[in-house]
Amino acid sequence: MPAITDEGEAVELSLLELFSRAEKLSGLSCATPGEGVALVEYLLAICFAAETFPSSAAEWCTWVGEGRGLDCAAEWLAGEPDDRWNLFDLDRPLGQNSDLAPYLDEYGTGPAQLVLERVGDYSQFFDHHHLEHSEPLLAADAFRALLTQHVYGLSGRARVSGKATLGPSLTNLAAGRLQGRIRVVVQGRTVGDTLRLNLYPPAGGEVGKFNRSWTTADFPRRGFKSKPPGRVTSGPADLHSCLGRSVLLRPVPTAEGEPVMVDRVLIGAGELLSLDPERDLEDAVFAKKLNGHGKPLWPSPTRALWRDAHALYSAAREADRGLFGRLRDLSFPRDGDGPPCTMWAVGLIANKTLAISWTDGYFPYAPSQGEALCEASRRGSDIAEYVARALERSAYAAWKIVYPNPKPADRGAQMARFDARREFWPAAEEPFYQLLDQTARSEPVPLGLLDYAGELRLKAADFLKQRLDPLPQNETGHRARARAEQRFRWDMADKKAPAELRGEMHT
């Protein structure tokens with residue numbers, strides 16, 4: 001487990017060391033947001049399996065407020081037999097399915113297939129040549145990639161024959177439990193704080209069984225002759241350690257004392273879960289689709305996550321249960337700099353079977369500032385949306401003059417020449433986060449919004465100017481430039497514009 005100490009030093013720790021030093025670590029240090037979420041999921045599963053969790057919402061508040069230690073989890077791990085945590089055990093490899101062993105040599109590939117961000121659709125290229133490359137992967141890296149696959153694995157077809165193995169449905173990969181929705185992890189000032197904030201009272205007090213390996217006797221595992229219905233989880237230990245993939249890793253023989261490496265991987269279908277929204281979606285932020293139905297907030301390839309920050313703050317203000325319902329009633333001790341906690345939202349953007357990118361955002365939160373953060377995030381998003389629409393209208397004004405008789409098919413490319421929204425949206429992100437940070441520190445929202453709106457207005461005007469600068473120095477160019485800039489000024493001064501863009505406080 002890669003982590004950062006409270007002194008800023010990067011360290012690599014075993015699971016046991018991480019729990020023992022949780023109060024002295026400022027956070028985990030992972031290669032991708034998805035890997036970070038997968039590690040938090042696994043640590044939470046261990047806590048539940050070790051019966052280190054609050055029994056009620058009131059006890060949870062006490063746990064967080066008093067910084068209840070995680071010694072019980074460390075003691076439980078220390079008392080576990082070594083063979084239960086052996087990544088390469090022949091019968092019960094940690095987090096894997098040993099039933100794949102007879103097929104590993106024939107159907108396995110190089111370890112690149114295990115890394116979600118590298119493999120794409122588990123085929124990547126037509127001839128699969130690069131997937132056969134056997135450049136080894138450190139066992140620790142392979143284990144973290146394995147956990148990420150269990151949680152975020154993409155749907156599609158596995159590179160394994162359904163005819164010659166455990167059954168035809170082995171090759172049909174289902175989407176991972178968190179694939180397609182935003183996962184919210186509340187981060188505290190230490191790893192211990194983060195785990196306490198995300199632990200919760202299990203429904204009915206049942207923690208369920210921890211998924212050590214596919215071939216343990218704790219679960220009636222699915223078969224692969226046909227697709228079964230989803231399995232209901234036995235509790236949070238089961239949920240957070242679910243084996244979303246059947247995976248088997250092959251170690252490279254090494255000399256004693258040398259790092260263990262993995263040189264071959266086989267991936268097939270894993271568990272199918274039937275999730276209960278009331279029990280298994282503790283952190284979910286529900287949003288409405290176009291058809292009016294609600295679903296957990298989802299990642300968008302065209303809309304940055306910060307633009308939906310108000311959905312998180314609204315959930316923290318309005319929810320009466322789950323993670324956000326508990327957060328609202330929490331009293332943090334006021335010590336140290338910055339907000340007492342941060343809502344870290346993570347999603348995977350994918351095009352069907354191909355991973356595109358991770359999207360994430362860090363949103364400061366203080367229960368005492370819940371209403372103010374709702375106002376700042378909602379109003380800040382509205383202001384940014386209005387400025388972006390103004391830039392689009394300005395682009396249209398220039399386009400109408402430069403291209404008086406366009407072909408309909410050419411309009412998009414021609415308009416894009418003058419549209420400064422591509423530069424504006426990334427540039428608006430940092431001022432938005434500054435607004436939230438100031439609000440979480442109890443600074444007045446109206447003043448913060450005035451500064452924020454002024455900065456966005458100036459940035460947008462500058463980006464528009466840069467888009468218009470290449471226009472020719474002739475009558476058409478001068479008219480297009482003047483009309484576009486005039487359109488932008490009118491929109492900023494319009495009575496329908498957010499008051500802050502006119503230099504006035506919103507009332």
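Two strands pair if DSSP finds at least two bridges between them. In this predicted model, that criterion gives an open sheet of three strands in the order E4-E9-E8, with antiparallel pairing. Strand E4 (137–138) and strand E8 (245–252) each have a single partner strand and stand at the edges, so one side of each is left without a neighbour in the sheet. The antiparallel pairing of E4 with strand E9 (residues 261–269) rests on two bridges, and leucine 138 stands opposite methionine 261 in E9.

Helix H7 (residues 139–152) contains threonine 148, which counts as buried because its relative accessibility is 3%, under the 20% limit. Apart from neighbours within four places in sequence, threonine 148 is in contact with Gly34, Glu35, Ala38, Leu116, Gly153 and Trp358.

The structure also holds 17 aromatic pairs. One of them is the tilted pair of tryptophan 85 and phenylalanine 210, at 5.5 Å centre to centre with 40° between the planes; these residues are 125 residues apart, tryptophan 85 in the loop between helix H4 (71–78) and helix H5 (104–107), and phenylalanine 210 in the loop between helix H8 (191–198) and helix H9 (236–240). Both tryptophan 85 and phenylalanine 210 are buried. Tyrosine 403 and phenylalanine 418 form a tilted pair at 6.5 Å centre to centre, with 50° between the planes; here tyrosine 403 is partly exposed, with a relative accessible area of 23%, whereas phenylalanine 418 is buried at 0% relative accessibility.

Charged groups meet rings as well: the charged end of arginine 326 sits over the ring of tryptophan 60, 5.1 Å from its centre.

Note on methods: Residues numbered from 1 in each chain as written. Predicted model: local features only at pLDDT ≥ 70, side-chain atom pairs only at ≥ 80, totals over all residues. Heavy atoms only, no water. Helix = DSSP H or I, 4+ residues; strand = E, 2+ residues; numbered from the N terminus. Buried < 20%, exposed > 50% of the residue type's maximum accessible area, 1.4 Å probe, protein only. Contact = heavy atoms within 4.5 Å. Phe/Tyr/Trp six-rings, centres within 6.5 Å; stacked < 30°, edge-to-face > 60°. Lys NZ or Arg CZ within 6 Å of the ring centre and 35° of its normal.
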